[in-house]
2 protein chains.
Amino acid sequence: MPARIPDPALFPKDAIQEAYNAILSENAGAALQYSVSEGYKPLRQWLVGHMASLGVECTIDNIIITTGSQQALDYLGKLFISPGDTILTTWPTYLGALQAFNAYEPRYDRLTPEGGNTTPAAYMQSAEKAGGQVKLAYLTADFSNPTGETIGRSERAKLIELAHELDIPLIEDAAYRSLRFNGENAPSMLALDIEREGEIDKTRVIYSGSFSKTLTPGLRVGWVCAAKPIISKLVLIKQAADLHSPTINQMVIHHVAKRHFDQQVSKACDSYRLRRDHMLQALQNYMPEGVTWTKPEGGMFVWMTLPEHMDGADLLAKSIKEIQVAFVPGSAFFADGSGKNTIRLNYSLPNAEAIDTGMARLGTLIKNQLAV
Amino acid sequence: MPARIPDPALFPKDAIQEAYNAILSENAGAALQYSVSEGYKPLRQWLVGHMASLGVECTIDNIIITTGSQQALDYLGKLFISPGDTILTTWPTYLGALQAFNAYEPRYDRLTPEGGNTTPAAYMQSAEKAGGQVKLAYLTADFSNPTGETIGRSERAKLIELAHELDIPLIEDAAYRSLRFNGENAPSMLALDIEREGEIDKTRVIYSGSFSKTLTPGLRVGWVCAAKPIISKLVLIKQAADLHSPTINQMVIHHVAKRHFDQQVSKACDSYRLRRDHMLQALQNYMPEGVTWTKPEGGMFVWMTLPEHMDGADLLAKSIKEIQVAFVPGSAFFADGSGKNTIRLNYSLPNAEAIDTGMARLGTLIKNQLAV
């Protein structure tokens, strides 16, 4: 089960209820009937405008609606991966992406946004040695789950260059992109690739978006924006796999997004920014030396690195038992199971007091462990 | 795009609107939040009762909710099929099943419910010769899409016996099961397998159900009922593939099913029975000699066999152009593309007058073709 991470107090419940009533009063026949695999046209049209606000010029033929962005990862795995092929991703990466891709039996190689010594040729050699080819790169460029970190503009350009050299698609998971609290937006990787190639239909970046963190996850509405040939293949895959995402859900999301998206995003940012600030303050107040953590400019997570010999899973077991504080051990987010001395903290649900109490207790627990 | 087949006039629009309002007033936090991959517990509990009414004794651990029954077929393909494996199915069969399974690159062998000369050993030999194994059988036992026909009790028992001899799962697609207009219900194949094995967790029949033909397709809610070990694997597949089906959709379907399922089914049956009667009468009135058709006891389809030299696809092209009558050429429903002289007629949408006019014109068109 996914963590219950967005704060339900932020869901635009009244706007959603209003949307259901309007749609069922005016358009029930269509809302409750079968519909097309590519998705509800007015929602795709709204997304053309949304993508334009990110610097991505596209048409509705560049957009497919999915049942949450998790489904996009499943379909992209189905489209690109054969057993033994290689996927490049960051270490750590989104656990749900590893789970979605694992169904297609890939191996993983480590993507290093900061460059480093690995060359395209080295990636290709490793993949061939393992009996497949490099077929896909996957990453979250903004406020990633689990680290909360953002990839800078020049690193984005380098990663796109790498994808071109390897001749592979690159999935830009943008689930948290709208939740920026401060600092400057880096251009979306798809926008950078359009700049490079001149138009979206020549690009290789596949933008995966979601309404789960901005409006509501319970309606399961996400989208993919990419070159037409990729979208056409995804439409065929979706038709075979579930016909289409629920019709009324797409109409409701369109109704609400059209009227309240910006306002909803700014409400969520205000709320999560405050909690992020509380979290960072509490960490500074209570964590002993030898513990470090990220300072996210958006999203829902802080990533903590414990002293090298400390195990996040052991710490969780003690934490649950002794101080009733929960977090996720970091090694689950590493394709090779490394990262044992890391943990993922989440600040999007607890209030200021709970954050302060929790981190004070966790700081003491870690100190006690260090003293053992 | 799937045909817009259930009559939208039958959708329980008011009950659905009432359900959304009740749920969003009383339980919005849960309705709009992430939830569990196996599905909304009260809906699974309601389905335990529904399955009991079909003679299937089970617990909620035997049930997973899917985003329509099409998704169940995709996940079952993912679970059971490797490239080159063999799936047994009827000739013709549900086109959407072929599409869902094709993603996993199987071959197909013909299932003959009436028995015939094919032995388990012959099926196994063909599969091995093709480089794989027989991994799955799939069929619609009640009012199948496309033929409208139902498999009798003794044939069901034989098919279950065959699945046991081959040691493979058998998918019972029950999308149309509730829509019986007359005649006697045959036991569900899952019920027969429970009778044979003593309890559901020892069975190999996988029952795939849907609310699309009884309540509404636009919410995309279906379910699978099967032995626990199969359900557990489907839950893991679903978690990786889309986390869970939309929360609020499951709550609404539960709310409506609990209050109106039986009444809704009998309303749909009354409406479709009348149209089936009109259709069969019109066929008798207008079709020339040499044309035969099925006499369904439920569902939405009549299957027509044209004279052997006549091609359903050619007839459709002429029909659209000359008489504005649409149907589906039958060969799409055959895994090997045969059945060229068959077509699928659908009576669930047109009214009596449209059925009469349409069949009169089609009869004349076929007569004229025969005269050429």
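At roughly what angle do the axes of helix H4 of chain A and helix H9 of chain B cross? Before the answer, a word on what you're looking at: this is a predicted model, where local features need pLDDT of at least 70, side-chain atom pairs count only at pLDDT 80 or more, and totals for chains, interfaces and linings use all residues. Residues are numbered from 1 along each chain as its sequence is written, chains are lettered from A in the order in which they are written, and side-chain values use heavy atoms, leaving out hydrogens and water.

Now the helices. H4 (residues 69-80) of chain A and H9 (residues 228-242) of chain B have axes that come within 6 Å and cross at roughly 100 degrees. That makes H4(A) roughly perpendicular to H9(B) (the word covers angles of 65 to 115 degrees). H4(A) brings Gln70(A), Gln71(A) and Asp74(A) to the contact, and H9(B) brings Gln239(B), Ala240(B), Ala241(B) and Asp242(B); contact here means heavy atoms within 4.5 Å.

How do the two chains relate? Rotate chain A by 180 degrees, with 0.0 Å of shift along the axis, and it superposes on chain B with an RMSD of 0.0 Å, using C-alpha atoms of residues with pLDDT of at least 70 in both. That's the relation of a two-fold axis. In chain A, Tyr20(A) comes closest to this rotation axis, its C-alpha lying at 3.6 Å. The copies meet through the same surface, because 100% of the interface residues of chain A are also interface residues in chain B.

Finally, take a look at Phe211(B). Leaving aside neighbours within four places in sequence, Phe211(B) is in contact with residues including Leu43(B), Trp46(B), Trp223(B) and Phe261(B).

Notes. Axes are lines fitted to C-alpha atoms, for helices over the stretch in contact, and angles run from 0 to 180 degrees between N-to-C directions. Helices (H or I, at least four residues) and strands (E, at least two) are DSSP runs, numbered from the N terminus. Angles under 35 degrees count as roughly parallel, over 145 as roughly antiparallel, 65 to 115 as roughly perpendicular and the rest as oblique.
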